Amino acid sequence: MSRFFDLVSKPAREMSSALPFLAARHEFERPLIKLDSNENPFGPSPRALEAIGNALATSNLYPDDDCRPLRLKLAAHHGLPPEQVLVTAGSTAMLALLCQTLLGPGLNAVTSERSFIVYSMAVHATGAQLVEVPMRDDTYDLGAILRAIDANTRIIFLANPNNPTGTMVPAQAVEWFLGQVPGHLVVVLDEAYYEFASHFARLRQVTYSNSLEYVARGASVVVLRTFSKAHGLAGLRVGYGLGPAELLGYCARMRNTYSVPSVAQAAAMEALEDTEYTAQVAESNAVQARLLARELEGLGYRIAPTSANFLYCDTGEDAAGFAGRLREEGVAVRPLGGWGAPNCIRVTIGTPEQNDIFVRALRRVGVVPDRRGPAAARFGG
Ligand SMILES: Cc1ncc(COP(=O)(O)O)c(C=O)c1O
């Protein structure tokens with residue numbers, strides 16, 4: 001067959017190399033308005049930028065492998081002992097560590113369909129299986145997840161809010177769910193969009209998350225947070241897990257040495273303190289989400305209610321072609337065929353200017369709503 005096919009591990013051989021998350025990036029061909037990866041359109045906070053500048057001068061030195069100052073700061077910030085915090089190169093690295101630590105051939109993890117694509121990658125890299133249950137109303141069906149658990153299940157992934165649908169499972173439902181889950185399982189509560197979701201929840205007067213309480217009482221739960229979203233540091237790769245000290249200790253053994261750059265650690269320290277900045281980002285996001293949803297619905301598109309910094313939109317046609325036409329207009333959005341939603345796109349909520357350009361482009365390239373197919377009715381419209 002080929003030189004290395006028989007030599008590489010079974011998971012490396014069997015994993016798909018065409019995952020949509022890593023699809024070829026054409027952004028460099030011309031400047032695009034990037035509304036395809038849920039990044040912060042405003043950039044890092046000025047305080048983080050200053051810290052980055054200062055930290056560059058010591059880039060000749062290896063970073064603190066334990067990320068100790070940041071770990072201590074996060075522990076104090078969340079009211080947890082430092083042993084219950086593990087800093088990693090983005091929260092995806094924490095996901096990979098959990099999978100390497102808890103999974104292997106013959107074991108499985110359970111999540112929902114149309115959820116974060118890295119769950120599949122991280123699970124399959126260990127030779128384990130990922131069981132994906134159907135959604136209900138574009139959100140997690142917790143009952144279906146419970147029914148999918150078997151003796152070989154070790155992890156449950158709950159992206160809250162979910163990527164790509166943006167939908168949120170309220171705290172009450174999560175609490176009920178945790179009460180039903182067998183004790184030997186680890187439930188990963190992936191709160192990458194925490195700052196946006198808690199802002200939306202305040203506006204809507206609902207309780208989004210009590211996840212830190214579960215961690216504080218030693219539940220078999222790992223909460224994931226990241227500096228990639230509201231803090232605007234996606235390019236620096238820094239995130240963390242909060243969970244049982246013993247489990248995080250095992251995960252720490254599996255970590256790559258020096259995996260979180262010193263510049264990233266310094267930036268995160270300042271970003272965490274700049275609460276004024278993250279509050280402004282979350283506020284703008286909520287305002288723009290409302291305006292953008294109104295525009296899209298006004299054009300006849302169906303939108304799922306978002307608690308994150310992106311909208312899940314049914315285009316009523318082949319989303320890849322739709323996204324291709326938008327790209328011609330200079331706007332990148334994410335078509336969701338690879339997530340099993342061939343008519344849907346995910347569009348990041350940008351700055352007011354970016355959103356304006358997106359809507360104008362949409363008016364030029366979108367199909368007239370009343371010509372759209374029955375798939376548009378999926379959101380009940
Ligand atoms: C649900 C979810 N979890 C985690 C991440 C990854 O974040 P990080 O950049 O910290 O690896 C993302 C990024 O898109 C996400 O959508």
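Predicted model: local features only at pLDDT ≥ 70, side-chain atom pairs only at ≥ 80, totals over all residues.
**Exercise 1. Find the salt-bridge partner of Asp 141 and classify Asp 141 as buried or exposed.**

Step 1. Asp 141 pairs with Arg 136, and their closest N and O atoms are 3.6 Å apart.
Step 2. A salt bridge needs the side-chain nitrogen within 4 Å of the carboxyl oxygen.
Step 3. With 12% relative accessibility, Asp 141 counts as buried.

**Exercise 2. Which parts of the chain does the salt bridge between Glu 295 and Arg 363 tie together?**

Step 1. The side chains of Glu 295 and Arg 363 meet at 2.9 Å, N to O.
Step 2. Glu 295 belongs to helix α12 (residues 275-298), while Arg 363 belongs to helix α14 (residues 352-365), so the pair ties together parts that are 68 residues apart in sequence.
Step 3. Glu 295, at 32% relative accessibility, counts as partly exposed.
Step 4. Arg 363, at 48%, also counts as partly exposed.

**Exercise 3. State how many salt bridges the whole structure has, and name the residues of a salt-bridge network.**

Step 1. A search of the whole structure gives 15 salt bridges.
Step 2. A network of salt bridges links Arg 47, Lys 73, Glu 270 and Glu 273.

**Exercise 4. Describe the surroundings of the ligand and its contacts with Ser 91, Thr 226 and Arg 237.**

Step 1. The residues around the ligand include Gly 90, Phe 116, Asn 163, Asp 190, Tyr 193 and Lys 229.
Step 2. By class, this shell holds 3 nonpolar, 6 polar and 3 charged residues.
Step 3. Ser 91 places a backbone N or O atom 2.7 Å from a ligand oxygen.
Step 4. A side-chain N or O atom of Thr 226 is 2.5 Å from an oxygen atom of the ligand.
Step 5. For Arg 237, the distance from a side-chain N or O atom to a ligand oxygen is 2.8 Å.
Step 6. The ligand taken alone exposes 400 Å², and the protein buries 94% of that.

**Exercise 5. Name the residues of the nonpolar surface patch that contains Val 8, and locate Val 8 in the chain.**

Step 1. Phe 4, Leu 7 and Val 8 make a nonpolar surface patch of about 290 Å².
Step 2. Val 8 sits in the segment before α1 (10-14).
Step 3. Its relative accessibility is 33%, so Val 8 counts as partly exposed.

How values were computed
Residues numbered from 1 in each chain as written. Heavy atoms only, no water. Near = heavy atom within 4 Å. Polar contact = N/O pair within 3.5 Å; in protein donor to acceptor, adjacent residues only side chain to side chain. Areas by Shrake-Rupley, 256 points an atom, 1.4 Å probe, with all protein chains shown as cover. Nonpolar A, V, L, I, M, F, W, Y, C, P; charged D, E, K, R; others polar. Patch = residues over 30% accessible without salt bridge, like charges linked within 9 Å, V, L, I, M, F, W, Y side chains within 5 Å. Helix = DSSP H or I, 4+ residues; strand = E, 2+ residues; numbered from the N terminus. Buried < 20%, exposed > 50% of the residue type's maximum accessible area, 1.4 Å probe, protein only.
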